[in-house]
Structures are given as C-alpha cells and as structure tokens.
Amino acid sequence: MHSRIPLLDDGWLHYEASFIPQSEADGLFEVLRSSTSWYQEGSRGRLFPRLVAWCADPTVVYTYSGITHESSPWTEELLQIRQQIEHATEAHFNSVLLNYY
C-alpha cells in the first residue's frame, strides 16, 4: 500500500509503508541509535532539543542556522539504505542528516 500526502502548493510526499519491512526497520533503528556518533547542537547559548549526526561523501560541507557541519563517513547500514533509495528514486544523494529526538 502506498499513498501520496499533499504538502504545500508545489510539493508532495510519497509514503511507501513496505519499503523497509517493520521488523527490519525496528532493527535498523536500534543499530543506528546505538552506533551513531550523535552530538547536540545549539545556538545563542541554548541547546537544540535533539541529537544529530551528519554523514556525507568526502568534501561535502553543510551549513544551516549558522552551524557548519563536517561530515562523518557513511556507515555500512546507511550505505545500504542509500543504495535502496537511490535505486528506487533513480537519484543520487551525497549526504544524510539524522535527527534523534
């Protein structure tokens, strides 16, 4: 089963519930939660209410909200997900930003 979820006037989200089976997703979440090098960002003396990790191809730099991230290498698990997504979308991705609330 899949569905399109309308967003803004010019955007949409395609949700494919079976893309990663639930049991595999649960296991993957645990691996990422426990093995990722999480860190907490902040701005103006306040910490954001989440942990983050950013993995990317070498030399890719990411800046947002005045914070510049230097990438960590792709993990084996993230590389597998990246390949699945690239195959499904026929697009190339050079990084992923993980947020853990």
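1. The surface carries a nonpolar patch of about 220 Å², made by F19, I85 and F93. Patches here consist of residues with over 30% relative accessible area and no salt bridge, nonpolar side chains (Val, Leu, Ile, Met, Phe, Trp, Tyr) being joined within 5 Å and like charges within 9 Å; a salt bridge is a side-chain nitrogen of Lys or Arg within 4 Å of a carboxyl oxygen of Asp or Glu. Of these residues, F93 lies in the loop between helix 2 (76–89) and strand 7, and F93 is partly exposed, with a relative accessible area of 35%.

2. The model is a predicted one, in which local features need pLDDT of at least 70 and side-chain atom pairs count only at pLDDT 80 or more, while totals for chains, interfaces and linings use all residues. Residues are numbered from 1 along each chain as its sequence is written, and side-chain values use heavy atoms, with hydrogens and water left out.

3. The protein has two helices and seven strands, which follow one another from the N terminus as β-β-α-β-β-β-β-α-β. Helices (H or I, at least four residues) and strands (E, at least two) are DSSP runs, numbered from the N terminus.

4. An open sheet is formed by three strands in the order 3-4-7, with antiparallel pairing, where two strands pair if DSSP finds at least two bridges between them. Strand 3 (39–43) and strand 7 (95–100) stand at the edges with a single partner strand each, so one side of each is left without a neighbour in the sheet. Strand 3 and strand 4 (residues 46–56) are joined in the antiparallel sense over four bridges, and L51 in strand 4 is the bridge partner of Q40.

5. Strand 5 (residues 61–64) and strand 6 also pair in the antiparallel sense, over four bridges, with T63 standing opposite T68 in strand 6. Their hairpin has two residues between the strands, and S65 takes a positive phi near 50 degrees there. In strand 6 (residues 67–70), I67 and H69 belong to the covered face, whereas T68 and E70 belong to the uncovered one. In a regular strand the side chains alternate between the two faces of the sheet.

6. For the protein as a whole, buried residues make up 22% of the 101 residues, where buried means under 20% relative accessible area, exposed over 50% and partly exposed in between (1.4 Å probe, protein chains only). The protein exposes about 7700 Å², of which carbon and sulfur atoms supply 55%; accessible areas come from the Shrake-Rupley method with a 1.4 Å probe, and for residues only the protein chains shown count as cover.
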